[in-house]
Each structure stands twice: as structure tokens, then as C-alpha cells.
Amino acid sequence: MLTQYIRGRIFNYDYCIGGAGVGGKGFFLPSDFALGSDRTLYVLNKSEEFVSAHGITKCNLDSDLIWENRGDDFARGRGPFPTAIAVDSGENIYVADEFKNQVYVFDVDGNPLGDWRPSEPGNDRASKRILTAQNTAGEGVAFDLYLKKVGTRDTSVEGELNGPMGLAFDNDDQLYVSDSYNHRVQVFTKNGTFLRKWGTYGAGEGELNLPWGLTVDKEGYVYVADWKNSRVQKFSPDGDYLATFGGPGSGDGELHRPSSVAVDKDGDVYVADWGRDCLHIYESDGTHLVTFTGDAEQPSVWAQAKLDADLDRQRARKRADLSREKYFYRPVSVRVDDEGRIMVLESRLNRIQIYVKEQDWVEPSFIL
């Protein structure tokens, strides 16, 4: 097990979850994941154009498959390119799709809560779509979102989406959306009512260029992976610029196309660097702590089961150079939990590598 001690922090590599699969115990080109209750994970499979394997896989940290909503069942009436996933306080599941520029909602068991219906048919500019659903008490819920139609772009209109690439809830169940091609962040209630927006195209402080993942910390501050500008920006809940983490380059703590950001309960900031295939960790003031490049020297439980059943693949692996296998390959999402687990989702290797930050560790006052 890899152990690193950095400025009063202990990080241990633990294990990985996942493996390639178009269904069942496997992921297929996953784009994002969200943390649920009872050590559960909701993994969003983006799949590819000619393989109908996109949708949600729910599993837990013990590598148990709980359910999946993938392929034709998920695709029916929905877009083919899901990009982001988040869960609200009731563990309803929200999924963004960059092709249809929509947000879909499911319950905790993966059942669709309803269908988007255009209330202004024939409007070529923008359409207001309403999703009527049943909440857990059996009452009607209206999800009221303004959604941009494919092929249009008008950043002046509040609530229109063009390439939603990131979703995150705050403690009040307000949903923050990275409106990537509009180069801004928009905020809605959990039922879809537009609240506010900020951001404009550019490279200056507070400006954005194709923002991807985002997160909200326990204090309500918003961190955005500013993908094309190769940095992470921190904002107040109302969109006031506060700080920048990283910046373009190949040095320590520098970034090349960050895809996701997370903040732990101590305020440390974790950035998945899609372009450099690594995970950067910063202190709350932006000081770079350490960079991880991946440590999965052993296959996951799911991957090992497939290897055990495939003698030809076992023989081939004995002849192959497997040294590269442990490293991150296109990390697209990072999440942290209150128990110190740091989870990094890799799109190309269809797995989640898990590190643990030791809690309440005290530096010894003597050396043995």
C-alpha cells in the first residue's frame, strides 16, 4: 500500500472499483459519479455513439452491484450523451445530457420521475419544459427548467443550457450547473426554478472558458474546473470571484484541462487533471501539496473475476508490460467523503481509484 506523508497529512492508497463492461459489473467510458448514502456510488456511463451502454450503475464501496439503468431502457426518450450526475438531500438523482441540453431526474432506485414536455412547441429559440413527477410522499413535483434547443446559443437568456457538463448541490438543495458552451454557471432550485447565473467568456478573474466539473464546499463556496483556461476558480455563492488554484503548465500544481474538483471537510482541494492524467491536492489557500499519478497495481474485484474466467487473457497479460496499468488515464471526476476517502474516476480505464486521508492524525513528538 502506498503511504505518503505531506505537511501533517497522511494519504494511503487503498484499492479500486470497477472495470470495463457494457452492463452488469462494469463501467463503460464513465463521465461522472455521485456519492449516495450507506457507502453507495452512482456511476454515470457515457458510453459511445454505437454502443448502447450509457446510463447509471449503482454500486457500493464493497464492489456490490445494486442496480443499473443502462442501455435502451435509459436511452428511451433521453439523450445519448450523459455528462454529469448529482444527488439531492432526498437522494433523487439528477443527470445532465450535453446533446439534448437537458436534466433528467430519477428516484433512489433508478426509476424515472417523469418526462420533459415542451410547453412552447414550435419555438425555435428556446422552449420551457416541465417535468411532472411524484416525490417520495406521492405528491406532484414540477421540475420547471428553461432548456436551450440543440443548435442554438443565446447567453442572454436566463436558464437556457448549452452543453451542461457539471452538476453540484449545496446544503440548501440548490443545483449548480456548469453551462459549458455558454461559459457560465447557473443555479436552480431542486425543482428547476432559475435563481441566478454568473460568468462570461474570457481568461480574466471570474471569466470562464468551457467550465467542466464543479463543487460546493460546506461553507457554500463554489469551485469550478475552468477547463480551457487550465485552472480552478473559487467563487462566493453569488458568483463573486475569490481565488484561483493552479494555472496552465506542467510544473508542480500546474494544470492542463482540469475536469473536476472536490473539497474535503478540512478545506483541502482536490483537482482531477484530465490533460495531465493526475490528481493535484492543494491547501485551502492554493498552496500545492502533492500530485498523485495513480497506484492501482492490483485489478479491481470485478476485473479480477473476469480475468479468472479468461485463460487467454491471463496468458496475454503474462507477456505484456503492465507497469502502465496503475496510472490514471483520463480522470474525469473526483469526490471526497467525510471519512477521508478520495475517489478518482477514470474514463478510459473504467474504474475508480480510492485513496484515504487519515483522520485525526497527530504528528509524533519523538522519533523511534
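Arg257 lies over the face of Trp227, 5.2 Å from the ring centre. A charge sits over a ring here if NZ of Lys or CZ of Arg is within 6 Å of the ring centre and within 35 degrees of the ring normal. The charged end of Arg330 is placed over the ring of Trp274, at 4.1 Å from its centre.

The structure is a predicted model, in which local features need pLDDT of at least 70 and side-chain atom pairs count only at pLDDT 80 or more, while totals for chains, interfaces and linings use all residues. Residues are numbered from 1 along each chain as its sequence is written, and side-chain values use heavy atoms, with hydrogens and water left out.

Rings also pair with one another. Rings of Phe, Tyr and Trp (its six-membered ring) form a pair if their centres lie within 6.5 Å; planes under 30 degrees apart count as stacked, over 60 as edge-to-face and the rest as tilted. A search of the whole structure gives 18 aromatic pairs. One of them joins Phe245 and Tyr282, edge-to-face, with 5.9 Å centre to centre and 70 degrees between the planes. Phe245 belongs to strand β20 (residues 241-245) and Tyr282 to strand β23 (residues 278-282), so the pair ties together parts that are 37 residues apart in sequence. Strands (E, at least two residues) and helices (H or I, at least four) are DSSP runs, numbered from the N terminus. Phe245 and Tyr282 are both buried, where buried means under 20% relative accessible area, exposed over 50%, and partly exposed in between (1.4 Å probe, protein chains only). Elsewhere, Phe11, Tyr13, Phe292, Phe328 and Tyr355 make up one aromatic cluster.

Two strands pair if DSSP finds at least two bridges between them. Strand β1 and strand β2 (residues 9-18) run antiparallel and are joined by four bridges; the bridge partner of Gln4 in β2 is Phe11. These strands belong to an open sheet of five strands in the order β1-β2-β27-β26-β25, with antiparallel pairing. At its edges stand β1 (3-6) and β25 (331-336), each with a single partner strand, so one side of each is left without a neighbour in the sheet. From one strand to the next the twist averages 25 degrees, with axes taken as lines fitted to C-alpha atoms (for helices over the stretch in contact) and angles running from 0 to 180 degrees between N-to-C directions.

Strand β17 (residues 211-216) pairs with β18 in the antiparallel sense over four bridges, and Leu214 has Val224 as its bridge partner in β18. Five residues separate the strands of this hairpin, and among them Gly220 takes a positive phi near 95 degrees. In strand β18 (residues 222-226), five of the five residues are buried, so the strand is largely enclosed by the rest of the structure. Val222, Val224 and Asp226 point one way from β18, Tyr223 and Ala225 the other way, and all are buried.

β18 continues the pattern with strand β19 (residues 231-235), pairing in the antiparallel sense over five bridges. Asp226 stands opposite Arg231 in β19, and Ala225 has Val232 as its bridge partner there. The hairpin has four residues between β18 and β19, and Ser230 in the turn has a positive phi of about 55 degrees. Five of the five residues of β19 are buried, so β19 too is largely enclosed by the rest of the structure. Arg231, Gln233 and Phe235 on one side of β19, and Val232 and Lys234 on the other, are all buried, which leaves both faces covered. β19 in turn runs antiparallel to β20, joined by four bridges, and Lys234 stands opposite Ala243 in β20. In this hairpin, with five residues between the strands, Gly239 has a positive phi near 95 degrees.

Burial is also found in loops. Ser63 lies between β5 (55-60) and β6 (65-70) and counts as buried at 6% relative accessibility. Leaving aside residues up to four places away in sequence, Ser63 touches Ile17, Val301 and Trp302, where contact means heavy atoms within 4.5 Å. Leu161, in the loop between β12 (140-148) and β13 (164-169), is buried with a relative accessible area of 0%. Leu161 and Ser180 are 19 residues apart in sequence and 8.3 Å apart in space, C-alpha to C-alpha.

The cysteines come last. With a disulfide taken as a pair of cysteine sulfur atoms within 2.5 Å, the count is zero disulfides. Cys16 is buried at 5% relative accessibility, and Cys59 is buried with a relative accessible area of 0%.
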